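Trainee: Could you take a close look at one loop in this model, and then follow the chain from there to other places that stand out?

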Amino acid sequence: MTSRPDPAPQLHDPRWRAFASDNYAGMLPEVVAALVAANGGHQPSYGDDVYTEQLRSVVRSEFGTRADVFPVFNGTAANVVSLTAMLPRWGAAIVAESAHVHNDEGGAPERVSGIKLLTVPTVDGKLTPDSIATQAYGFGDVHRAQPLAVSLTQSTELGTLYSVDEIAAVCEYSHRHGMLVHVDGARLWNAAEALGLSLGEFTTAAGVDVVSLGGTKIGALGAEAVVVIDPDAVSGTDYIRKLSMQLSSKMRFVSAQLLALFDGDTALQAAANANAMAARLRGHLEGTPGLTITQPTQANAVFAVLDPAVAERVRAVWKFYTWDESTGEVRWMCSFDTTAEDVDEFAAAIKAELTAG
């Protein structure tokens with residue numbers, strides 16, 4: 001009888017928590033179970049499997065009957081593939097100055113696809129028709145990259161949320177000026193839970209053309225997708241995904257994870273916990289001397305300014321990121337597995353260091 005190999009040793013303490021990023025969290029149990037269920041036996045490769053076909057059906061029920069879905073491995077790819085499919089070689093995308101696609105993609109839109117990003121300063125991370133208008137000019141001018149797409153983030157990089165009316169206003173203005181609208185939805189389920197809306201209600205119904213659907217931050221493992229809501233607006237997404245090295249041979253394992261997120265309230269419950277823990281953290285810290293909350297807490301992020309020396313002392317135990325070195329602004333992210341005890345201990349540590357300082 002063949003013996004099974006010993007399980008691999010665990011290299012980390014599973015009790016350790018951080019507030020640096022929801023990417024620090026592991027996988028939802030439902031996602032792990034979905035991967036196990038998808039394993040074994042054979043399925044056609046490159047997206048011809050039953051899991052990806054089922055995902056297409058589910059996505060159409062969420063985003064509209066004409067929608068199509070293209071699973072990819074990470075959020076950078078989802079954004080780059082989306083914008084590449086939406087823009088000609090001479091096109092440019094208008095984005096918030098704080099947008100992830102501008103600050104945190106390592107220049108991938110520019111270097112991989114040659115896309116010009118036209119940035120707009122914002123106070124709260126949200127684009128408006130008026131702010132978009134500051135970059136929506138030069139149409140027909142061969143000396144200027146043509147602004148032909150707008151990319152907004154929901155929830156934003158500053159943890160704020162667009163209302164349906166705000167997204168609809170951006171879409172109406174953009175379409176009227178010949179621009180398509182893309183949503184970077186790395187935390188789309190956090191937004192849906194906070195707004196109390198389905199995904200389609202603040203994307204498809206508002207006029208959005210393409211969505212980057214995030215899965216990793218809500219508890220999947222390397223599972224994201226490009227959702228083309230309006231197939232008449234873009235073309236060649238399947239080819240672009242391949243040449244961007246994002247076509248999975250064993251796609252069933254990516255699709256199975258996304259299906260698990262859609263199943264019942266799995267992703268919404270995960271988002272609800274992350275959002276609630278952020279609200280709890282803000283409640284503990286708001287009004288604390290020596291600390292200033294800088295943004296509304298509308299999803300699963302809390303932004304605050306505190307003395308950098310205090311931040312470093314807290315960071316010796318609790319990992320989190322400095323958002324703005326010049327002001328001392330930091331960002332605290334909550335995840336699907338953040339507990340009330342985690343939040344209470346973290347808040348107590350911050351208050352203790354502020355008092356000690």
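Mentor: Begin with M245, which lies in the loop between α9 (237–243) and α10 (252–262); helices (H or I, at least four residues) and strands (E, at least two) are DSSP runs, numbered from the N terminus. The model is predicted, so local features need pLDDT of at least 70 and side-chain atom pairs count only at pLDDT 80 or more, while totals for chains, interfaces and linings use all residues. Residues are numbered from 1 along each chain as its sequence is written, and side-chain values use heavy atoms, with hydrogens and water left out.

M245 is not a glycine, yet its phi is positive, at about 65°. M245 counts as exposed because its relative accessibility is 69% (buried is under 20% relative accessible area, exposed over 50%, partly exposed in between, with a 1.4 Å probe and protein chains only).

The loop of M245 has α10 (252–262) on one side, and α10 packs with α1 at an angle of about 140°, the two axes being 8 Å apart. That angle makes α1 oblique to α10. Axes here are lines fitted to C-alpha atoms, for helices over the stretch in contact, with angles from 0 to 180 degrees between N-to-C directions; under 35 degrees is roughly parallel, over 145 roughly antiparallel, 65 to 115 roughly perpendicular, and the rest oblique.

From α1, go to the loop that joins α1 (29–38) and α2 (50–63), where Y46 is found. Y46 has a positive phi too, of about 60°, and is not a glycine either. With a relative accessible area of 44%, Y46 is partly exposed.

On a 1 Å grid over the protein atoms alone, a cavity is a set of points where a 1.4 Å probe fits but cannot get out, a pocket is an open set with protein on both sides within 12 Å along at least five of seven lines, and lining residues have an atom within 4 Å of a point. By this rule there is one cavity of 30 Å³ or more. The largest cavity holds about 30 Å³ of space, and its lining has two nonpolar, four polar and three charged residues. Volume is the space filled by probe spheres set on the points, which are joined across faces, edges and corners; Ala, Val, Leu, Ile, Met, Phe, Trp, Tyr, Cys and Pro count as nonpolar, Asp, Glu, Lys and Arg as charged, and the others, Gly among them, as polar.

The largest pocket has a volume of about 270 Å³. Sixteen residues line this pocket, and W16, R17, Y24, A25 and D337 are the closest to its centre. Sorted by class, the pocket lining has six nonpolar, six polar and four charged residues.

A194 belongs to helix α8 (residues 188–195) and, at 34% relative accessibility, counts as partly exposed. Between A194 and R66 there are 128 residues in sequence and 26 Å in space, C-alpha to C-alpha. H102, in helix α4 (residues 100–103), is partly exposed with a relative accessible area of 32%. H102 and V81 are 21 residues apart in sequence, and their C-alpha atoms are 15 Å apart. L118 sits in strand β3 (residues 116–120) and, at 6% relative accessibility, counts as buried. From L118 to D141 the separation is 23 residues in sequence and 15 Å in space, C-alpha to C-alpha.
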